Amino acid sequence: MTTRETWPSRSRFQSSRESEARLLLLVDAFSRKSKGEPRFLEGRVKLAKLDFLLRYPVHLRKVLIKHGVDADRLEDLEENDAPLDNRMMRYRYGPWDPSYYAVLGSLIGRGLVEVEPLPGSGGFGYRTTALGAGLAEQLLADEIFLKIGDRAKLLRRYLDKSGRTLMGYVYELPEVADATWLDDIR
C-alpha cells in the first residue's frame with residue numbers, strides 16, 4: 001500500500017536535461033524511418049522498458065545474451081557500468097521513472113518530439129520532429145552521449161519488440177521481479 005511516507009520525493013517527478021537528452025536519443029533511435037516509412041516508438045510501456053535497459057547496461061547485457069545475442073557483440077557493454085541518472089523504481093508494470101510525464105511534456109512542448117495516436121491500439125506513438133532529430137544528431141556528435149547512442153542502436157537492432165514482450169524480458173530479471181513496489185531497482 002502506498003502512503004505519503006513511501007511515495008517518492010517531489011524532486012523525482014521533475015525533469016532534468018540529462019533525462020531529456022537520454023529520452024530524445026531513445027525516441028530518435030526508434031523513430032528513424034525504415035524503408036521510407038515513418039516510425040514511432042510505440043507507447044509508454046515500451047518507452048519505459050527500453051529506457052530501463054538503456055540506463056542499466058548490466059541488465060541490457062543479460063537480456064540480450066539470454067535472447068540470443070552473442071556476448072562477443074556486446075563488448076562495449078561493460079559488466080560493471082553503473083546505471084545512468086537516477087535509479088528507476090518498481091511500479092505496476094515494472095521499472096518506472098516518475099519524471100516521465102515531465103520529461104515527455106518538456107520534449108513535446110519544445111517541439112522536439114511529437115505524439116500521435118496509434119491506429120487500433122488506443123495507445124500513442126512518439127517520434128522526433130525535424131528539430132528533435134537535428135538536436136539528437138548534435139548530441140551524438142558530443143563524446144558524452146556516445147555510449148547512450150550506441151546502446152540505443154543496440155536496443156533498436158535487437159529489442160524492437162512490443163511493450164508487452166519487453167515487459168516479459170525485464171521480468172525475467174530477479175532484480176525487477178523480486179523488487180517491491182516503489183523500491184529503487186539496482
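**Salt bridges and their surroundings**

Modeller: A salt bridge joins the side chains of Arg127 and Glu116, with 3.0 Å from N to O. Please bear in mind that the model is predicted. Arg127 belongs to strand 5 and Glu116 to strand 4 (residues 113-117), so the pair ties together parts eleven residues apart in sequence. Arg127 is buried, because its relative accessible area of 16% falls under 20%. Glu116, at 30% relative accessibility, counts as partly exposed.

This bridge is one of 14 salt bridges in the structure. Another is formed by Arg22 and Asp51, whose closest N and O atoms are 2.6 Å apart. Here Arg22 lies in helix 1 and Asp51 in helix 2 (residues 44-55), so the pair ties together parts 29 residues apart in sequence. Arg22 and Asp51 are both buried.

Asp97 forms a salt bridge with Arg55, and the closest N and O atoms are 2.9 Å apart. Asp97 is placed in the loop between strand 3 (94-96) and helix 4 (100-109), and Arg55 in helix 2, so that distant parts of the chain, 42 residues apart, are linked. Asp97 counts as buried at 5% relative accessibility, and Arg55 is buried with a relative accessible area of 0%. Through shared partners, salt bridges join Arg22, Asp51, Arg55 and Asp97 into one network.

Arg22 also takes part in a helix contact. Helix 1 (residues 17-31) packs against helix 6 (residues 146-159) at an angle of about 35°, their axes being 9 Å apart. The residues in contact are Arg22, Leu25, Leu26, Ala29 and Phe30 of helix 1, together with Ile148, Ala152, Leu155, Arg156 and Leu159 of helix 6. By class, eight of these residues are nonpolar, none is polar and two are charged. The crossing of helix 1 with helix 6 is right-handed.

Leaving out residues up to four places away in sequence, Leu140 touches Leu25, Phe145, Leu146 and Gly149. At 29% relative accessibility, Leu140 counts as partly exposed.

Finally, Thr129 is found in the loop between strand 5 (124-128) and helix 5 (130-140). Thr129 is buried, with a relative accessible area of 18%. A polar atom of the Thr129 side chain lies 2.6 Å from the backbone oxygen of Gly111. Apart from neighbours within four places in sequence, Thr129 is in contact with Gly111, Leu112, Val113 and Glu114.

Definitions and conventions: Residues numbered from 1 in each chain as written. Predicted model: local features only at pLDDT ≥ 70, side-chain atom pairs only at ≥ 80, totals over all residues. Heavy atoms only, no water. Axes fitted to C-alpha atoms, helices over the stretch in contact; angles between N-to-C directions. Helix = DSSP H or I, 4+ residues; strand = E, 2+ residues; numbered from the N terminus. Left-handed = near helix turned anticlockwise from the far one by under 90°. Contact = heavy atoms within 4.5 Å. Nonpolar A, V, L, I, M, F, W, Y, C, P; charged D, E, K, R; others polar. Buried < 20%, exposed > 50% of the residue type's maximum accessible area, 1.4 Å probe, protein only. Polar contact = N/O pair within 3.5 Å; in protein donor to acceptor, adjacent residues only side chain to side chain. Salt bridge = Lys/Arg side-chain N within 4 Å of Asp/Glu carboxyl O.
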